[in-house]
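Please look at the sequence and the model below, and then follow how some of the side chains meet one another.

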Amino acid sequence: MADDVCGVLDIGCKANEWVNTAVGDAIENLSKAVREGLSQMVTTLSTFWAELPSSNLTTLDGVSPSPTVAFLQNGLAYWTAVLAVLAIIVGGARLAWEQRGGPLREMLRSLLTLALVSGVGLAVIAVLVAAADAFSVWIINASTDGRGFSDSLHLLVLVNADGVGVFLLIVLGLIGILTSLFQIVLMVIRSGMLVILAGILPTTAAFTNTEMGRQWFQKTVGWTL
C-alpha cells in the first residue's frame, strides 16, 4: 500500500515537474520572441532614415541636370543673363569712375565664376553629395567594427537579462521612433534644398562683382555644403 502511494506521488511529482518545465519553456520562448521582435523594431526604426535615397541632381551621365533642376535653371536663365549683363554694366561704370584695374578684375572674376558654375557646378555638387553619403556609411561601419548599426544594437539588447533587456528595448524603441522621424524630416528638407540650391546656383553666380551678389553666392554655397 505504501509503495503504491509512493508511486502515485512520484508520478504526480514528475507530472508537476513536467508541467512546470513546459510552462517555463513556453514563457522563455515567449520572452525571447518578444525581445527579438522589439529588437528588430528598434533597429529598423533607428536605421530607416539612412535608407532614404538622395536627390537626383543629374542624369545618368553625371553632368546634365535632372528634369527638376533643369526646369529651375531654364526658368531662371533669363534672369541669369540679365544679372550677368548688369554685372558688366556695373563693372564698366566702376572702371570709368575709379580709373583703376580693380573693377575690371572683379568683373572678369565674376564672369569666370559664372562660366565655371554653369559648366561644372552641378557635377561637383552631385559628386560631393555621393561622397558625403559614402562617408556617412563609412562612419557607421567603422564605429561598429564592420557589423553595421543594426547588428550591433541587436547584440547590445539581447545580451541583457530578460527584464532589463525588454525595458531597454522599449526605451530604445521610443528613442528610435523620435530620432528616426527627426532624421526623416531632415533628409526630406535636405533633398528639397539641394534641388533648389542646385537650380539657383548659376543665377547667384551671375553678378558676384557686386557686394550683394557676392554675399548671395557665398550664402548659396554655404547652404549647399
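Aspartate 133 has a relative accessibility of 26% and therefore counts as partly exposed, a class that lies between the cut-offs of under 20% for buried and over 50% for exposed. The model is a predicted one, and in it the side chain of aspartate 133 meets that of arginine 190 in a salt bridge, with 3.1 Å from N to O. Because arginine 190 belongs to helix H5 (residues 162-204) while aspartate 133 belongs to helix H3, this pair ties together parts that are 57 residues apart in sequence. Arginine 190, at 24% relative accessibility, also counts as partly exposed.

The count of salt bridges comes to 3, and they are set out here with their distances.

| Salt bridge | Distance, N to O |
|---|---|
| arginine 94 and glutamate 106 | 2.8 Å |
| arginine 190 and aspartate 133 | 3.1 Å |
| glutamate 211 and arginine 214 | 2.8 Å |

In the pair of arginine 94 and glutamate 106, the arginine lies in helix H2 (residues 67-98) and the glutamate in helix H3, so that parts 12 residues apart in sequence are tied together. Arginine 94 is partly exposed, with a relative accessible area of 27%, and glutamate 106 is partly exposed as well, with a relative accessible area of 24%.

Glutamate 211 and arginine 214, by contrast, both lie in helix H6, where they are 3 residues apart, or about one turn of the helix. Glutamate 211 is partly exposed at a relative accessible area of 48%, and arginine 214 is partly exposed at 29%.

Helix H6 itself covers residues 211-224, and its 14 residues reach 20 Å from the first C-alpha to the last, which is close to the 20 Å expected at 1.5 Å a residue. Which residues of H6 are buried? They are Gly213, Phe217, Thr220 and Thr224, and, because these buried residues fall within an arc of 60° when seen down the axis of H6, they line one face of the helix. The face of H6 turned away from this buried side carries the exposed residues Met212 and Trp223.

Phenylalanine 135 and tryptophan 138 form a stacked pair, with 5.8 Å centre to centre and 25° between the planes. Since phenylalanine 135 and tryptophan 138 are 3 residues apart in helix H3 (residues 102-143), about one helical turn separates them.

Terms used:
Residues numbered from 1 in each chain as written. Predicted model: local features only at pLDDT ≥ 70, side-chain atom pairs only at ≥ 80, totals over all residues. Heavy atoms only, no water. Helix = DSSP H or I, 4+ residues; strand = E, 2+ residues; numbered from the N terminus. Expected span 1.5 Å × (residues − 1). Buried < 20%, exposed > 50% of the residue type's maximum accessible area, 1.4 Å probe, protein only. Arc of directions from axis to C-beta. Phe/Tyr/Trp six-rings, centres within 6.5 Å; stacked < 30°, edge-to-face > 60°. Salt bridge = Lys/Arg side-chain N within 4 Å of Asp/Glu carboxyl O.
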